[in-house]
Amino acid sequence: MTRHREPTEVGPETGSAPAIEFVDVHQGYGSGENRVHALRGVDLRIERGEYVAIMGPSGSGKSTLMNILGCLDVPERGVYRLAGQDVGARTEDELARIRGRALGFVFQSFNLIPRMTALANVALPMAYAGVGRPEQRERATAALRRVGLEARADHLPAELSGGQQQRVAVARALVMEPTLVLADEPTGNLDSASTEDVLSVFDSLAAEHRTIVVITHEQDVAERAGRVLVVADGLVVDDRPSRGARR
Ligand code: ADP
Ligand code: MG
C-alpha cells in the first residue's frame, strides 16, 4: 500500500487508522419545536485512498455531513476521527489549521478570487501556511500542470471557461497535499465536456491513492467513484461499490 506524508497538524502517526471514521455521529439545528435532527447516528469508515461519492435527496443531510467531514462543524454527539485523530477534541484554531493544511475543498461555484491569476489562486493556501514565495510559485505551477492548465497560469478566472476554473480550484485543493479532498457538487455548474475534464482529474487522483469524497446529485458522476453512499433522512441507507468498481 502506498503511504502518504501525513500533515503534522493531524497529529502523530497513527499507523493504519482509516482516513475517516464516524461513530454514531449526530448533528442538529435549532432547539425546541424548531429542532431539526439532520444526522441521526451515522457510522462510517473510509479507508485511505478510497474515492467515495455521497448521494441523497435534498435535505437528507449531505451538506451537514460535509461540514463535519471538512471540520467546519464538530458533531453534537458521537466521534469523528480524521486520520485517527479525534476532531471533536480540537480548538477552533486547530480546526482552522486542519482545514488549511490537511483538507482540500472543491465547491460547486469554484470560489476563485476574481482579481487573482490562476497561479495566485492556487498559491493562496500556501501563502496562508507561510510557505516562501519561490516555493509557492514552484508548487502552484506543478499543481496547475497536473490539471493540464500550466499554460493558463497568468490568466484571471474570468478569462477561463467554467471547466478550466474548476480545474484551477482542484489544483488549489491539492497544493497542500491534503489527507482528504472534499468536493461538494463539483460538476453542478459544468457542461458535459467540462464535467469530463474535472472527473478525469479526480480519476488521476484516485489512481494516486488519494482519499476523495464527492457529493453529487448526478448518478454518472457518482459511478466514477469506487464506492457510493446514499444518505436519506440523516442516515447512510446504502453503501455499495460503484458500477465501475464492480466491472
Ligand atoms: P442536503 O445537503 O442533503 O440538502 P442539509 O444537510 O443541508 O441537506 O440539511 C439537512 C436538514 O437540516 C434539512 O432538514 C435542513 O433543512 C436542515 N438544516 C440544514 N442547515 C440548517 C441550518 N443552518 N439551520 C436549520 N436547519 C438546517
Ligand atoms: Mg446540500
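## Pocket, ligand shell and fold

In this predicted model, helix 2 (92-101), strand 6 (103-107), helix 3 (118-128) and helix 5 (162-174) each contribute at least two residues to the lining of the largest pocket, and helix 2 provides the largest share, 5 residues. Helices (H or I, at least four residues) and strands (E, at least two) are DSSP runs, numbered from the N terminus. The largest pocket holds about 420 Å³ of space, and of the 18 residues that line it, Arg99, Gly100, Pro125, Tyr128 and Arg172 are the closest to its centre. A pocket here is an open set of points, on a 1 Å grid over the protein atoms alone, where a 1.4 Å probe fits, with protein on both sides within 12 Å along at least five of seven lines, and lining residues have an atom within 4 Å of a point; grid points are joined across faces, edges and corners, and the volume is the space filled by probe spheres set on the points.

Residues are numbered from 1 along each chain as its sequence is written, while chains are lettered from A and ligands numbered from 1 in the order in which they are written. Local features need pLDDT of at least 70 and side-chain atom pairs count only at pLDDT 80 or more, whereas totals for chains, interfaces and linings use all residues, and side-chain values use heavy atoms, with hydrogens and water left out.

Around ligand 1 lie Tyr29, Val36, Ala38, Pro57, Ser58, Gly59, Ser60, Gly61, Lys62, Ser63 and Thr64, each with a heavy atom within 4 Å of the ligand. The table gives polar contacts, that is, pairs of N or O atoms within 3.5 Å.

| Residue (backbone atom) | Distance to an oxygen atom of ligand 1 |
|---|---|
| Ser60 | 3.2 Å |
| Gly61 | 3.1 Å |
| Ser63 | 2.9 Å |

On its own, ligand 1 has 550 Å² of accessible area (Shrake-Rupley method, 1.4 Å probe), of which the protein covers 58%. Strand 2 (36-46) and helix 1 (62-69) are the elements that give two or more residues to this shell, and helix 1 gives the most, with 3 residues.

As a whole, the protein has 8 helices and 10 strands. Its radius of gyration, taken over C-alpha atoms, is 18 Å, close to the 18 Å that the globule rule (2.2 Å times the number of residues to the power 0.38) gives for 247 residues, so the protein is as compact as a globular protein of that length.

Note on methods: A polar contact is a pair of N or O atoms within 3.5 Å; within protein, one must be able to donate a hydrogen and the other to accept it, and residues adjacent in sequence count only if both atoms are side-chain atoms.
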